[in-house]
Amino acid sequence: MGMSRFHLHLLSDSTGETLENIAKAALAQFDAVEIIKHFWPMVRSETHLDRILDEVAANPGLVLFTLVNPDIRAKLERRCRVLGLPMVPALDAVSDALSNLLGQAAKARPGRQHVLDAAYFARVEAIQFTIAHDDGQNWENWEAADIVLAGVSRSSKTPTSIYLANRGYKTANIPIVVESPPPPSLFSLRHPLVVGLTTNPERLIAVRRNRLLSLNQAPETDYVNDEKVKAELAFARRMFADNGWPVIDVTRRSIEESAAAIINLFNEREAARESRRQATTPVDRT
């Protein structure tokens, strides 16, 4: 099959982050596709739309949009019909389903999901915490974390931590090194969920070798020695098992998939804790 090549116009009356994520998720389902992306955020006036429509006409393709202003939206739809261009209102199906279920009309307010609410500030705090507690730093404060990730070098601890932080979870991570045991406090944490990350030795060696090459370092050291790497992984797995920590194998998982599995573990633990609290709370029968 040949390469498919087309223009994709993304029009949003807000930052366009939601729209871009939808487009990215959909495009991931197709192979051999070359996209020429035209990104048009903050479209909130007909004058602005007119300038964009000139570009759309000059580069015809699929138009994907999230516009809540009825006049701006109607104008875009009319022009697309005249040009014979396919157009998709990205959130209509979900909004319509929710409207029918809830019995109320959606609020026509651009970027309403980006309001600076408590969740936003919690996310910022989580990111700051995670950056400050990367790679074993500030271990004295680990009890304040929601999640602590443990694993050997290059087992995706940092990118997974940052992803979790963007979801609002304060995340610390610690490298497991045979010659340098982690601080004893790791084994007595009560609040955080400690998760072990492991991977296939062949994949780990390949990742480490690429890392050495990118740093212009010798590609053949104990860091990528087959027996040494297997011993490292075995040492880490024993530590995970001895402490009863759940383990995620990241070999065939993307960062997003690993993070989703960790969030599921976290939510399951929180639900179990809440259930125990309710079971031990006396019932007031007065």
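The model is predicted. Its chain is divided into domain 1, residues 6-102, and domain 2, residues 118-280. The secondary structure comprises nine helices and eight strands.

**Overall dimensions and packing**

- The centres of domain 1 and domain 2, taken over C-alpha atoms, are separated by 38 Å.
- The radius of gyration of the chain is 25 Å, whereas a compact globule of 286 residues would have a value near 19 Å.
- Along the principal axes, the C-alpha atoms fill a box of roughly 75 × 70 × 30 Å.
- Of the 286 residues of the chain, 33% count as buried.
- The accessible surface of the chain amounts to about 17,000 Å², and carbon and sulfur atoms contribute 53% of that surface.
- Among contacts in the chain with a separation of 6 or more, 75% are accounted for by residues 24 or more positions apart.

- Strand β1 (residues 4-12) pairs in the parallel sense with strand β2 (residues 33-40), and the pairing extends over eight bridges. Within this pairing, H7 has I36 of β2 as its bridge partner.
- L11 stands opposite F65 in β3.
- Strand β3 (residues 61-66) is mostly covered, with five of its six residues buried.
- β3 pairs in the parallel sense with strand β4 (residues 87-89) over three bridges. The bridge partner of L64 in β4 is V88.
- From β3 the chain crosses through α3 to β4, and this β-α-β crossover is right-handed.

**Residue R79 on helix α3**

- R79 is located in helix α3, which spans residues 70-83.
- With a relative accessible area of 30%, R79 is partly exposed.
- Leaving aside neighbours within four places in sequence, R79 is in contact with L53, D54 and A57.
- R79 and L53 are 26 residues apart along the chain, yet their C-alpha atoms are separated by 7.7 Å.

- β5 (147-151) is mostly covered, and five of its five residues are buried.
- In a regular strand, the side chains alternate between the two faces of the sheet.
- Both faces of β5 are covered: I147, L149 and G151 are buried on one side, and V148 and A150 are buried on the other.
- β5 runs parallel to strand β6 (residues 171-175), to which five bridges join it. I147 stands opposite T171 in β6.
- The path from β5 to β6 goes through α6, and this β-α-β crossover is right-handed.
- β5 also pairs with strand β7 (residues 193-198) in the parallel sense over five bridges. V148 has V194 as its bridge partner in β7.

**Residue E232 on helix α8**

- E232 lies in helix α8, which spans residues 226-242.
- E232 counts as buried because its relative accessibility is 16%, which is under the 20% cut-off.
- Leaving aside neighbours within four places in sequence, E232 is in contact with V152, I176, V178 and R208.

**Residues with positive phi**

- Most residues other than glycine have a negative phi.
- A32 is not a glycine, but has a positive phi of about 55 degrees. A32 is found in the loop between α1 and β2, and is partly exposed at a relative accessible area of 38%.
- R154 is likewise not a glycine and has a positive phi of about 70 degrees. R154 is placed in the loop between β5 and α6 (157-166), and is partly exposed at a relative accessible area of 35%.
- R154 is in the loop between β5 and α6, on the path from β5 through α6 to β6.

Key:
Residues are numbered from 1 along each chain as its sequence is written. This is a predicted model: local features need pLDDT of at least 70, side-chain atom pairs count only at pLDDT 80 or more; totals for chains, interfaces and linings use all residues. Side-chain values use heavy atoms; hydrogens and water are left out. Domain bounds come from an automatic or database domain assignment. Two strands pair if DSSP finds at least two bridges between them. Helices (H or I, at least four residues) and strands (E, at least two) are DSSP runs, numbered from the N terminus. The radius of gyration is taken over C-alpha atoms; the globule rule is 2.2 Å times the number of residues to the power 0.38. Buried means under 20% relative accessible area, exposed over 50%, partly exposed in between (1.4 Å probe, protein chains only). Contact means heavy atoms within 4.5 Å. Accessible areas come from the Shrake-Rupley method with a 1.4 Å probe; for residues, only the protein chains shown count as cover. A crossover is right-handed if, with the strands pointing away from the viewer, the path from the first strand over the helix to the second runs clockwise.
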